Amino acid sequence: MRNATGFLAGLIFGLGLIISGMADPAKVLNFLDIFGYWDPSLAFVMGGASLTAFIGFRLVWRRESPTFNSRFDVPTNRSIDAPLLTGAAIFGMGWGIGGFCPGPAWTSLAMGSPGILVFLPAMLLGMMAGKRAKSLPLFARREV
Amino acid sequence: MEPAVLTEFTPWLSFLGGSLIGLSAIMVMGLFGKIAGISGITNALIGLFPGQSGPDDRDWRLSFLFGLIAAPLALMLLSGSFPQQSVPTNLVGMLIAGLLVGIGTALGSGCTSGHGVCGLARLSTRSLAAVITFLLVAILTTTLVRHVF
C-alpha cells in the first residue's frame, strides 16, 4: 500500500504540473519575464497549491500520526542561513535559464525532448555536488 | 523582444492544476508524514549511489517518482493526445541550467514544491525567504537572458 499510494500521489502531482502549465518551460519563462511578454498564470499555480495544502495540512495534522509513519516529520530548522539563500539564488539562476524545476523535470522525462534529456542528468549531478558543497567549511557552521 | 513561444494566460487551469499539486502534498503528509519536496525526494534517491547515505523510506519516494514520470502517459491515455510543451533547444544552456538547479536545490534544501508549496502552507519564514530569493533571481536571470544579452 505504501508504494501504491506513493505512486498515486506522484501521479496526481505530475498531472497537476502538466494541467497547470508548470511543466511547460515556455510558460515558466514567460511568467518570469515580467519586463517582457508576461504570462502571470504560474502565480495561480502557487496560489492554488499553497492554499489547498494550507487547509489540508491542518486537517491531517489533527490525526495522531500519518498512515505509514509513527509521526509527522516536519522540518525544524528555522534559520535563514547562508546555504539556504546561496542555494535558492543558484536554483533561481538555473530555473530562469532552463524553465525547469525538479518536479517538471521528472514529469517531462517521458516527453523526451533533447533539452530535458540533457537537463535531468545534469540536475542529478548538480544535486550530488550540492550535497557535498553543503558540508564545506563555508557552509558547515551551525548545523542542527 | 518577443518570447520564443507565446503562451496563453490560463488562471483557472493553473489554479486547478495547482490544487492537484496541493492535494498530492496533503497525501504525502497524511500517508508518510513528510514534505512533498521533489528535490528532497530526488536527493534521497541519489543516496542510492555508492558512498552516499539516504533515509530509510526510499520505497515510497521511488514510487512517487514513477508516478510523476507516468503522469504525461496517463494524460495521453485519458485525452488521446500527448501534453504540449516547448523546451529550450540550446543544449549547453540546458546543461548549465540543470547543474545550477541541482546544486541550488541540494544546497538550499528545497525547490518550488518543498519551500514553495509546502513551506508557504506551513507558514515557514525560512521557506518564504527561499521563495523570495529564488523568484527574484529567476526573474533577474530571465530578464538578462532575454533582454540584455
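Figure 1. A:F44 is partly exposed, with a relative accessible area of 34% (buried means under 20% relative accessible area, exposed over 50%, partly exposed in between, with a 1.4 Å probe and protein chains only). This is a predicted model, in which local features need pLDDT of at least 70 and side-chain atom pairs count only at pLDDT 80 or more, while totals for chains, interfaces and linings use all residues. Residues are numbered from 1 along each chain as its sequence is written, chains are lettered from A and ligands numbered from 1 in the order in which they are written, and side-chain values use heavy atoms, with hydrogens and water left out. Rings of Phe, Tyr and Trp (its six-membered ring) pair if their centres lie within 6.5 Å; planes under 30 degrees apart count as stacked, over 60 as edge-to-face and the rest as tilted. Over all chains there are nine aromatic pairs by this rule. One of them is the edge-to-face pair of A:F44 and B:F9, with 5.7 Å centre to centre and 65 degrees between the planes. The pair joins two chains because A:F44 lies in helix 3 (residues 41-60) of chain A and B:F9 in the segment before helix 1 (11-32) of chain B. Helices (H or I, at least four residues) and strands (E, at least two) are DSSP runs, numbered from the N terminus. B:F9 is partly exposed, at a relative accessible area of 42%.

Figure 2. The ring centres of A:F91 and A:W95 are 5.8 Å apart and the planes are at 15 degrees, so the pair is stacked. A:F91 and A:W95 are four residues apart in helix 4 (residues 82-98) of chain A, about one helical turn. Both A:F91 and A:W95 are buried. A cluster of ring pairs links A:F68, B:F32 and B:W60.

Figure 3. A disulfide is a pair of cysteine sulfur atoms within 2.5 Å, and the structure has zero of them over all chains. For A:C101, the nearest cysteine sulfur is that of B:C111, 6.1 Å away. A:C101 is buried, at 1% relative accessibility. The sulfur of B:C118 has its closest cysteine sulfur in B:C111, at 9.3 Å, which is too far for a bond. B:C118 is buried too, with a relative accessible area of 1%.

Figure 4. A salt bridge is a side-chain nitrogen of Lys or Arg within 4 Å of a carboxyl oxygen of Asp or Glu. In the salt bridge of A:D33 with B:R146, the closest N and O atoms are 3.0 Å apart. This pair runs from the loop between helix 2 (25-32) and helix 3 of chain A to helix 6 (residues 125-148) of chain B. A:D33 is buried at 0% relative accessibility, and B:R146 is buried with a relative accessible area of 12%. A:D81 bridges to B:R126, with the closest N and O atoms 3.4 Å apart. A:D81 lies in the loop between helix 3 and helix 4 of chain A and B:R126 in helix 6 of chain B, so this pair also joins two chains. Both A:D81 and B:R126 are buried.
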